[in-house]
Amino acid sequence: MIIDAKKMNASALNHIIRSCEDSEIIVNNVLGQRYIANVSENKQITLYGTCGNNLANFLSGGSITLYGNAQENVGDTMDDGEIVIHGSCGDACGYGMRGGRLYIKEDCGSRCGIHMKAYQEKQPIIVIGGTAKDYLGEYLAGGMIIVLNLHDEAKCVGKYCGSGAHGGAIYLRLTDEEQIGYTPNILSEITVAEQQMIDTVLSDYQQKLCIKLAQNMKFYRIEIKDKNPYEGLYTEV
Amino acid sequence: MRTSRYEILHDNTRCDLCKSCVYQCTRNVFSYDIDQQRIAVDPKNCVNCQRCVEFCHHQALKVQINRNHYHENAYWTMQDISQLFQQADTGGILLSSMGNPKPYPIYFDHLLLNAAQVTNPSIDPLREPMETKVCLGKRTNDFKRDDDGLLKLDVKPHLHLDTPILFAGMSLGAISYPAHEALLAAAKELNTFYNCGEGGLPQKFYPDENHIIVQVASGRFGINKDYLKHCAALEIKVGQGAKPGIGGHLPSRKNNELIAKTRMIEENSEAISPAPHHDIYSIEDLRQLVYALKEVSGYQKPIIVKVAAVHNIAAICSGIARSGADIIYIDGFRGGSGATPMRIRDNVGIPIELALASVDETLRKEGIREEVSVIAAGGIRNSSDVVKAIALGADAVAIGTAALLALGCHLCQDCTSGVCSWGIATQQKDLTKRLNPIQGARQLVHLVTAWTNEIKEMMGGMGISSIESLKGNRLMLRGLHLHEEELRILGVKHAGSR
C-alpha cells in the first residue's frame, strides 16, 4: 500500500497504517506526524520525509525505514524489529529499548539509548553513523551502542557518556589522540571477540544503509563500572 | 544501630517452648538454648513486626519500645540521635519504607461530616438503594446533535467501579507474587481495579485484564505489546507521594528469576527507575506520551497520569487535564513505598487533603474539571477518609498501605530489608509462601466491602443517595481547629458557622 501523508494528521495516518493489512507499506510526504507505527509488528514500513516525535514506539517486529530525519524519541521501549534512519534523529532515541536494532546514518541528539536493557535472547543494538550528544547510554543496563563518527568530528560523543550505566557496552570509533583526549570516560581496548561482534553488526549496518565502511576501524569500549553502582550508598533504618 | 529499638518481654511461665517464635522471626531475634532448655532473646534486630507475638499461642511475648533512652531532650530526640549515630557509622543515606510517619497535621481528622436533620430526610442505606458506582474518565459537558436532531454520542473510554476504591500501584519486587494475586482476585470480586505497578505484569494475570491497570514508568520495565494490550487502563507514573522527585531502585539482591522475568531484565541486575522521564520535560511532552499510549490502545483505554502532591500541584494538574489524560492520580505525602530515602519521605510533598481541594478548585475555576477524573491517594486509612476525600473533590481513592494491612502487614516500616515476616514485602520463597493469596483476597474483599457499607451509611446520613452527588460537595464538610487560610484552601467553613 502506498499512502500520501500530505496534509494528513497523525491520528488519521496512524489509523490507516494500523488498519492496513498489507505487509509492505510506503508512506510519502511525511511531515512531522507523530507516533508513526507505534506497536507495529511484522510490517515493512518505508517512510519518505521527516517524522515527528515518537516514531515506532513499542515496536515489536518488522522494519521501519525512513528516508529523511526523525525527531525525538524514536523507538521508545522498542521490543523487537528494526529501525533504519537515512538521516539524523533527535533526543532520547532508543529509550528503554529492549530488543531489535536502531541504525542511524547520521547524528543523534542527547540521551540516546537511555535505559536500554537486555533480556535473555533480546540484545538491543544502536549504531550511530555520525556523532551522539550528551548522556549517550545513560542508565545503560544491557545491549550495545556503537558510535562510528564517520565524518571524523572532534567530539564523537558529548558529556556524561554512560552516566549511571550498569550493564551493556558502548563502543566508540576514535581515530586520533585528540578525540581520545576529549572523551571524558575511561576507555579500554576491545577484545577480538568484541571486534568480531562489532564487525557482524556493521556488515548488517552497511547493507541496510547501502554504504561502504572502511576496514580496520579502531574501536574503544567505555568502561562501565560495576553491576551494582549504588551498593553501599544507603543504610537501612 | 548501637541500641536496639525494641525490647522483648518473654514470660517464661507462659512459654511452652514450642519454638514458634524461633521459626517465625526472620531476623534471628529468637533462638533455642538447648543446654538451658529455654528461648534465648536478642532484640538487636527486632523491628516490631509482631509476627512472633501473633504466633505465640500462649501469649508469652510482648514487644515494646526500649525503655532505655539516650540522653534525649525536646530538640534532640532519641530518633535524631540514633539516626545520626547510624550515619556516622555507615556514611549511608538513610533508607526507609512505607509512608511519612511524622506528626504533621492530619486534615482528615480536622474535618467533620454533615447529617440530615428535619429540613431534609436522611436515607436508610440498608433498605433504600444507594449508588456507590463510579465512572472514571472524561465527561462531556456539551450536547451535539446530528442533522436529524439525534444526539451525537462521543463516548470516551471509562473505567467502571462498583465502589470508589481502587488498589494503588505496587510493583512486583516491592511486594510479593501472592500479594499481587490477592490484590487482583479481590479487585475482580469487588469489581474494581488492581494496579500492577511499574514492575511488569505476570502473564498469568492476562485473562483478568478487565480489572488491571498497568503502569508506564521511567524505567519501562516489562512493557511490550502484550503488557499494553492486557489492561483496562494505562497509567503514566510520574511521581509517588512517598518520594516526589525521586526514582525507584530495586537492588540486585531482590531481582530474582520471577522479578527478572516479569520486568524483562537480566537476573540479579539493578532495576533503576530514573527520577525523571527523560521524554517528559513539559506538559507538551506529557501530552506526547499520553497520545503515544492512546495510539497504542486505539483510543479505547483511559490514560491515567500519576503525580505526587507537591507545592504547585494545582497548576500541574491543570496542565495534565489539558494534556489529554483521562484521569489524574494524586498521591499525597503519606503515601507508602517499598524503599525511600527517609529525608525525602519525611519532608517532601504536601498532604493529600490540601492538594486535592486545591486541584478540584482550580480545575473547576478553569472549567476543565470534567475533562478528567481525579483519584486521591496517599494515606487513606478508613471509610471516613474516603468520604472526606470525595467531598473535597476526588472521584475515587486508591489504597496501598491500607490494602497491605488487610493482607497482614503490621506497619513495621522495614520493607527495605526484604525479609518481611508476613510474606508481603519480600521475594524469598520461604517467606512469600506465608501469604495465602486466597485468604488475602478474602481479607481485602472484607475490608473494601465494610468500607463501602460504611460509606453508604455516611452518605445516607447526609441524605445523599449517589456518590456522584458527594463529589466536591464541600457543604458536607466543616473544619474544626483550622485556621482561616487552611479553611480557605480546603474550601470548607468552620464548624458552627452558618
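Ile330(B) touches Val307(B), Ala309(B), Ile313(B), Cys317(B), Ile352(B), Ala355(B), Leu356(B), Val359(B), Val374(B) and Ala376(B), leaving aside residues up to four places away in sequence; a contact requires C-beta atoms, placed from the backbone, within 7 Å. The model is predicted, with local features needing pLDDT of at least 70 and side-chain atom pairs counting only at pLDDT 80 or more, while totals for chains, interfaces and linings use all residues. Residues are numbered from 1 along each chain as its sequence is written, and chains are lettered from A and ligands numbered from 1 in the order in which they are written.

Turning to the strands (DSSP runs of E, at least two residues, numbered from the N terminus), chain B holds an open sheet of eight with parallel pairing, in the order S9-S19-S18-S16-S15-S12-S11-S10. Its edges are S9 (165–167) and S10 (194–195) of chain B, each pairing on one side only; pairing calls for at least two DSSP bridges between two strands. Within the sheet, S16 (327–331) and S18 (373–377) of chain B run parallel and are joined by five bridges, and Ile328(B) stands opposite Val374(B) in S18(B).

Between the two domains of chain B, the centres taken over C-alpha atoms are 35 Å apart. Nine residues of domain 1 of chain B are in contact with seven of domain 2 of chain B.

The contact between the chains takes 34 residues from chain B and 38 from chain A. On the chain B side, H7(B) gives the most, with five residues; helices are DSSP runs of H or I of at least four residues. Strand pairing also links the chains: S12 (234–236) of chain A and S5(B) pair in the parallel sense over three bridges, with Glu236(A) opposite Leu95(B) in S5(B).

Methods
Domain bounds come from an automatic or database domain assignment. Two residues are in contact if their C-beta atoms, placed from the backbone, lie within 7 Å.
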